[in-house]
Amino acid sequence: MLVKTFGAAVQGITATVVTIEVNISQGIRFLIVGLPDNAVRESHERIASALSFAEKKLPRMQVVINMAPADIRKEGSAYDLPLAVGILAASQQIKSDGLDKFLLMGELSLDGGMKPIKGALPIAIKAREAGFKGLIIPYQNAKEAAVVSGIDVYGVKDIREVISLLNGNPTIEPVRVNTDELFYDTHKNLEMDFSDVKGQENVKRAFEVAAAGSHNIILVGPPGAGKSMMAKRLPTIMPPMTLEEALETTKIHSVAGNIDSNTALVAQRPFRSPHHTISDVALVGGGAFPQPGEISLAHHGVLFLDELPEFKRSVLEVMRQPLEDRKISISRAKFAVDYPASFMLVASMNPCQCGYYNHPEKDCVCAPGSVRKYLSRISGPLLDRIDIHIEIVPVPFEKLSEQREAEKSECIRERVIKARKIQEIRFKDIDGVYCNAQMTSKLQRKFANPDKSGTELLKNAMKRLNLSARAYDRILKVSRTIADLEGSENICAYHIAEAINYRNLDREGWAG
């Protein structure tokens, strides 16, 4: 008897429906065709054991399974469930009518229990698009998939529950998730706050400007100055994610297998902080079976690279294209996948190897020329993509012991949101541009023209401070954001002056 069940293959952050045709006839072979990998081929033993615990049996006949479309590689053990159900239906151990209403995915343990899968959210989205009535997946993934409305999501604990459901005697109910309520409740749960940071008002201001224009930022300062502490609090002053952004971010984390059974939606902006020993592939994504890397997991959030010069040069260089295009393309001989990578880069570094160059109290013990050598570990093209350079010095005791509470993240976020709304209106007719950091040279000439005094100030600064040509564009972009924070239509001289102060590493002679 020939029956069809339906599963899904995830490529990138999208899914494709896979039709699983099971035919049982005279013979003794068990054969799976349709480009399955080793994990799919090994499903025979898992299915046989799981069916025995469910008081069913693997038929002692020829079982031929075709997984279509045959040109898409079927990877992983998540096909166990649709394969097992197809075998049961083809051998007439369960009802076969109604199978076309469900999409099934799940890994079976030897006792028939269900283990979680990756990519439940994109699978649920595809199931709804394809017109399926229901989705049957492991209970650990049910909340994540139930975010998708318009389809019944059944979270099952073992294959017995699946058999009961398909036989018309369900022992479980569809999982329901109130997406809007979940989304807005999560926004209120901020574990960190900028009010925890004592002093450092100029650095807080730089972070506010960075968040308002989505500018990349690098912090240069000695150990213990608070670089990591402030970087971790940046997401708390960025605008809250929209529901569309949350769903896209959740899809990426779902494909990477980072969603636990208690999480339905990634509604807070991600903060990723990989160690400096990370490999190229782990940062940008890829591998034998392509997976999203750290830059994609930071999508709509923050990627924090602590001790930037300690990262391998090759790792930093592969980030240049994603920083510009806000996506990463991974190509293989037979396919290519795209992962979104629209993130804010926050980097930190010591000014030299000993960490105390330009320190107000401690002397630097580095050899002459070593400061410039240390800074040269970061290439010019990468620094070119970082808009704000800010020096940070340790907080004096008087500030640390101060009892007065600093400004809360909530207050800073309100100003950032107002500035972002101005940019949203400004770029509403321009595809792919939603903030000042994304302005091209053409857009700069249109929207970032300083007044006469500002132009004169910038001209003098370029000459006296020997600022590089790349600093010119960055200063204009940042000054546009500073003006937006103030609600000013025009870029004035004091906006330019503040933006110039955020280009420390471009100044000739900074590194000695």
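Close-up 1. (Rings of Phe, Tyr and Trp, the last by its six-membered ring, pair if their centres lie within 6.5 Å; planes under 30 degrees apart are stacked, over 60 edge-to-face, and the rest tilted.) Phe194 sits in the loop between helix H7 (179-187) and helix H8 (201-213), while Phe207 belongs to helix H8, so the pair ties together parts that are 13 residues apart in sequence. Helices here are DSSP runs of H or I with at least four residues, strands are runs of E with at least two, and both are numbered from the N terminus. The count of aromatic pairs in the structure comes to five.

A quick word on the model: residues are numbered from 1 along each chain as its sequence is written, and side-chain values use heavy atoms, with hydrogens and water left out. As this is a prediction, local features need pLDDT of at least 70 and side-chain atom pairs count only at pLDDT 80 or more, while totals for chains, interfaces and linings use all residues.

**Close-up 2. Phe427 meets Phe447 edge-to-face.** This aromatic pair has its ring centres 5.6 Å apart and its planes at 90°. Phe427 lies in the loop between helix H18 (409-426) and helix H19 (441-447), and Phe447 in helix H19, so the pair ties together parts that are 20 residues apart in sequence.

**Close-up 3. Gln444, tucked into helix H19.** Gln444 is found in helix H19 and is buried, with a relative accessible area of 5%. Skipping residues up to four places away in sequence, Gln444 touches Met439, Asn449, Asp473, Leu476 and Lys477 (contact means heavy atoms within 4.5 Å).

**Close-up 4. The largest pocket.** Its volume is about 1200 Å³. Of its 42 lining residues, Ser342, Arg420, Val433, Tyr434 and Gln438 are the closest to the centre. H18 gives the most to this lining, with four residues; helix H10 (243-255), helix H14 (320-325), H19 and helix H21 (469-486) are among the elements that each supply at least two. By class, the lining has 13 nonpolar, twelve polar and 17 charged residues. Here Ala, Val, Leu, Ile, Met, Phe, Trp, Tyr, Cys and Pro count as nonpolar, Asp, Glu, Lys and Arg as charged, and the others, Gly among them, as polar. On a 1 Å grid over the protein atoms alone, a pocket is an open set of points with protein on both sides within 12 Å along at least five of seven lines, a cavity is a set where a 1.4 Å probe fits but cannot get out, and lining residues have an atom within 4 Å of a point. Points are joined across faces, edges and corners, and volume is the space filled by probe spheres set on them.

**Close-up 5. The second largest pocket.** This one holds about 720 Å³. Val10, Glu75, Gly76, Phe289 and Gln291 lie nearest its centre, out of 30 lining residues. Strand E1 (2-11) and strand E16 (336-340) each supply at least two residues of the lining, and E1 gives the most, with four. The lining splits into 17 nonpolar, six polar and seven charged residues.

**Close-up 6. Two cavities.** The structure holds two cavities of 30 Å³ or more. The largest has about 60 Å³ of space, and of its twelve lining residues, Gly221, Pro222, Tyr357, Glu391 and Ile392 are the closest to the centre. The second largest cavity, at about 40 Å³, is lined by Asn216, Pro322, Leu323, Arg326, Ala341, Ser342 and Phe343.

**Close-up 7. Ala347 in strand E17.** Ala347 is part of strand E17 (residues 344-349) and is buried, at 0% relative accessible area. Leaving aside neighbours within four places in sequence, Ala347 is in contact with Ile217, Ile218, Leu219, Phe304, Leu305 and Leu308.

Close-up 8. A disulfide is a pair of cysteine sulfur atoms within 2.5 Å, and the structure has zero of them. Cys366 is partly exposed, at 21% relative accessibility.

Note on methods:
Buried < 20%, exposed > 50% of the residue type's maximum accessible area, 1.4 Å probe, protein only.
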